[in-house]
Amino acid sequence: MNIRATRLAFLAGAAALAAPLASPAQADTLREALAEAYQTNPTLQSARAQQRANDENVPIQQSSGLPSASFTAQHIEFVRTSGNSFTAPERTLQAGIDLGVPIYSGGSVKNSVRAARERVSAGQADLRATESSIFSLVVAAYMSVIRNEAIVGLTANQIDVLSINLQATADRFEIGDLTRTDIAQSQSRLAVAESDFRSAQANLIGAREVYIQLVGRAPTDLQPPPPLSGLPSSASEAVDIALEFNPDLMAAKERAAASELDIKVAGASRLPTVSLFANTDYTNFYGTLGGPTSNNFAQSETTANAGISLRIPIFQGGRPAALQRQATARATSAFEQVIAAERDVIAQVRASYSSWIAANSIIVSSQTAVAAAELGLEGVRAENSIGNRTILDVLNAEQELLSARVQLVTARRNAYVAGFSLLAAMGRAEARDLGLDDEGLLYDPVVNLNRVDGAFWDWDRDPDPVAVSTRTVDITAPDADIPQSGAADAESNINQ
């Protein structure tokens with residue numbers, strides 16, 4: 001057994017011995033990472049807050065069709081009065097209550113509320129799209145950490161192998177079996193391997209930083225992800241599902257429906273409006289009405305009136321027509337955006353499906369390449385020992401095996417990410433689809449909509465704003481260390 005095989009066997013054995021003793025908190029799963037991001041990612045939390053603000057457009061539009069009441073009061077001091085006014089008071093107090101009840105507004109209120117509801121539905125679809133986007137980024141970051149950990153392990157092992165090769169080459173040079181050129185070639189490959197190792201470490205640190213940015217905590221011994229379910233059998237099946245469930249397309253359709261209602265709202269300004277009104281007023285002259293003959297006058301009075309008001313627009317300078325033309329143009333734009341979203345969805349689904357199929361094919365090819373490279377390296381080493389192969393041939397074979405292994409772990413990462421991206425484009429990569437509802441984690445935007453829909457009390461308010469996302473300023477900067485169990489898992493994944 002060679003040095004590399006011995007090292008891998010030790011790592012695998014150590015991981016197997018440590019597994020029964022490991023606590024769940026010492027390792028992260030993909031589901032845990034997604035759940036953490038779902039609860040604490042600031043982009044997702046901000047989108048939820050924006051949607052709650054969007055929900056308020058419904059009661060805002062409803063308020064235009066509800067009764068309104070106001071109280072006014074004023075105290076007036078008459079500093080100078082007309083000399084011809086013998087009964088003018090010196091001061092007055094006036095107070096009144098006005099009540100208005102809209103009866104008919106040409107349909108503007110009804111259609112404004114309907115349009116607001118459509119936009120709320122569009123916002124809920126946008127929230128789903130944000131959720132899928134964050135999950136896709138988390139999956140990519142999770143898999144990138146696993147891939148880069150494997151590559152760091154492979155390049156570190158390559159340094160060990162090349163160091164042993166260099167020592168063996170130097171020993172053979174001492175007895176005259178090899179030349180200084182062989183030593184130089186071995187030294188060159190070792191130096192390249194060391195630079196590759198440093199680059200791999202930097203890439204791993206970068207991947208861990210992206211993970212922290214998205215999830216809100218440092219990755220700890222990431223476990224292999226579960227198999228993806230619900231993947232389509234063909235690109236056409238994926239497109240059919242996406243056209244029905246893709247949140248971006250659904251949002252575009254909801255906005256187009258709202259824009260049609262905006263046309264009716266704009267046209268309503270040409271129609272009559274009817275409302276009821278009632279008011280009562282109280283006036284107190286402080287005993288100053290009538291001057292010296294004030295006893296002849298009532299020094300306070302209360303009046304009340306009620307009625308119905310009809311307003312019929314006759315000419316408004318072309319404003320209603322301009323508003324309606326503007327709304328029509330915006331509706332046309334919204335309809336075009338539906339087609340644009342549909343095109344984007346189809347292109348995204350087909351491209352993701354193609355990437356997923358290609359990555360799976362690359363996995364199969366890379367597995368064959370790794371097996372062939374391992375056999376080739378074994379043969380080249382054997383032939384080198386009897387003088388039929390040069391040191392350069394051995395170095396090339398080792399480099400070829402490393403490249404095949406790196407390509408395999410990269411293909412595995414790309415296949416998983418492409419598969420998840422395909423599910424996201426199909427509208428099948430949200431919290432419910434991923435089973436995050438098992439622990440009551442789901443955020444339901446309908447709850448807030450139901451809370452505010454129909455609310456009419458002016459003094460309602462929510463608690464003061466506060467951020468709920470976790471900060472990462474206190475998280476220690478990640479390094480390029482690899483947990484033994486993670487290295488063993490990465491190596492076992494390569495050979496699957």
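Q: Is Asp126 buried, exposed or partly exposed in this predicted model?
A: The relative accessible area of Asp126 is 25%. Buried would require under 20%, and exposed would require over 50%. Asp126 therefore falls in between, and its class is partly exposed.

Q: Which residue forms a salt bridge with Asp126?
A: Side chains of opposite charge can pair when their charged atoms come close. For Asp126, the closest N and O atoms of the salt bridge are 2.0 Å apart, and a salt bridge is counted within 4 Å. The pair ties together parts that are 129 residues apart in sequence, because Asp126 lies in helix α5 (residues 108-174) and its partner in helix α8 (residues 247-267). That partner, itself partly exposed with a relative accessible area of 36%, is Arg255.

Q: Glu398 and Arg381 meet in a salt bridge; which of the two is buried?
A: Their side chains meet at 2.9 Å, N to O, with Glu398 in helix α10 (residues 391-425) and Arg381 in helix α9 (residues 319-385). Arg381 has a relative accessible area of 28%, so Arg381 is partly exposed. The other residue has a relative accessible area of 3%, which is under the 20% limit and therefore makes it the buried one: Glu398.

Q: Which residue is linked with Glu36 and Arg217 in a network of salt bridges?
A: The side chains of Arg217 and Glu36 meet in a salt bridge of 3.8 Å, N to O. This pair links distant parts of the chain, with Arg217 in the loop between α6 (180-215) and α7 (235-245) and Glu36 in helix α2 (residues 30-40). The network that holds Glu36 and Arg217 also includes Asp28.

Methods:
Residues are numbered from 1 along each chain as its sequence is written. This is a predicted model: local features need pLDDT of at least 70, side-chain atom pairs count only at pLDDT 80 or more; totals for chains, interfaces and linings use all residues. Side-chain values use heavy atoms; hydrogens and water are left out. Helices (H or I, at least four residues) and strands (E, at least two) are DSSP runs, numbered from the N terminus. Buried means under 20% relative accessible area, exposed over 50%, partly exposed in between (1.4 Å probe, protein chains only).
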